[in-house]
Amino acid sequence: MFDWDAVWKFIVSPFFLQAAWTTLWLSVVAQLAGVVLGLFLALMRMSRFKWLSFPVQVYVWFFRGSPLLVQVLLLWDGLPKLVPGLLFSQITCILIAFSLNEAAYMSEIIRAGISSVDPGQMEAARALGMRYWLAMRRIILPQAARVIIPPLGNEFNNMLKTTSIASVIGLEELTGTAEILGAPTFSIFELLIVATVYYLLLTTLWDYFQRWIERRLDPEYAAKGGRPGRRPGQKSWTQRVLGFGNPPLESGELIAGGHGGAR
């Protein structure tokens with residue numbers, strides 16, 4: 001019979017709280033690493049030089065075409081056989097596998113976002129004397145962010161759930177904790193219900209946070225002055241320094257103030 005007592009006993013257990021924290025920080029670190037690596041891969045993929053774009057095509061083909069579980073096992077079981085003595089810890093193995101896998105997906109998402117920006121924006125920035133990286137940071141990426149953020153949010157939502165794969169190599173995240181604690185008392189099913197509650201809590205909180213980010217990047221939201229109490233047209237600190245969250249550009253219009261930082 002289903003044991004409700006086990007559910008109520010472990011729903012606020014410190015074991016599951018620790019497991020939820022492990023799941024969260026693994027997801028955040030792997031996603032951040034995937035975004036950073038994915039940005040460089042996207043720029044390489046868009047390069048006119050074949051020696052830069054072709055290796056990225058092979059990279060994306062491999063990591064998007066093979067299961068993440070297989071990639072984890074190749075690092076955990078296969079790599080020590082190819083390089084004797086090289087054995088990653090569980091945490092390291094998961095972070096490397098998840099980051100490399102996520103980078104393949106993020107490279108395509110970022111490439112699509114950059115491609116959605118009018119090429120004339122980069123040409124205008126270069127005509128003003130901006131270096132490539134400055135133009136990319138102040139002109140192209142802020143506009144591409146509105147295209148990139150929604151799928152990026154979905155990727156992170158998926159990352160929170162994908163961490164369950166780490167239980168295969170014995171890492172005690174939510175799924176692994178449920179299996180370890182439930183095995184002695186044959187209450188794995190009940191504890192998997194507890195793990196599911198935590199997964200739903202994490203993904204629901206992220207869903208609200210993602211909507212907040214999308215609202216901040218929404219043209220109509222920005223045009224109304226952002227949050228209550230901010231004067232219409234007033235830029236936030238991140239808008240002034242990083243250039244993110246600026247109101248949308250009309251066709252052929254270059255972001256004002258971007259050329260001021262070109263040196």
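This is a predicted model: local features need pLDDT of at least 70, side-chain atom pairs count only at pLDDT 80 or more; totals for chains, interfaces and linings use all residues.
Rolling a probe the size of a water molecule over the atoms shows where empty space is left. Of the 15 residues lining this pocket, Leu43, Met46, Met122, Tyr132 and Met136 sit closest to its centre. A pocket here is an open set of points on a 1 Å grid over the protein atoms alone, where a 1.4 Å probe fits and protein lies on both sides within 12 Å along at least five of seven lines; lining residues have an atom within 4 Å of a point.

Residues are numbered from 1 along each chain as its sequence is written, and side-chain values use heavy atoms, with hydrogens and water left out.

Helices are DSSP runs (H or I, at least four residues), numbered from the N terminus. By class, the lining has eleven nonpolar, two polar and two charged residues. Ala, Val, Leu, Ile, Met, Phe, Trp, Tyr, Cys and Pro count as nonpolar, Asp, Glu, Lys and Arg as charged, and the others, Gly among them, as polar.

Now follow helix 7 to its partner, helix 9 (residues 188-217): the two pack at about 175°, with axes 10 Å apart. That makes helix 7 roughly antiparallel to helix 9 (the label for angles over 145 degrees). Axes are lines fitted to C-alpha atoms, for helices over the stretch in contact, and angles run from 0 to 180 degrees between N-to-C directions. Zoom in on Ile149, which belongs to helix 7. Leaving out residues up to four places away in sequence, Ile149 touches Gln210, Ile213, Glu214 and Leu217; contact means heavy atoms within 4.5 Å. Ile149 and Leu217 are 68 residues apart in sequence, yet their C-alpha atoms are 8.9 Å apart in space.

There's another pair to look at. The axes of helix 2 (residues 14-45) and helix 8 (residues 174-182) come within 8 Å and cross at roughly 150°, so these two are also roughly antiparallel to each other. Here Phe15, Phe16, Ala19, Ala20 and Thr23 of helix 2 meet Leu174, Thr177, Ala178 and Leu181 of helix 8.

Technical notes. Angles under 35 degrees count as roughly parallel, over 145 as roughly antiparallel, 65 to 115 as roughly perpendicular and the rest as oblique.
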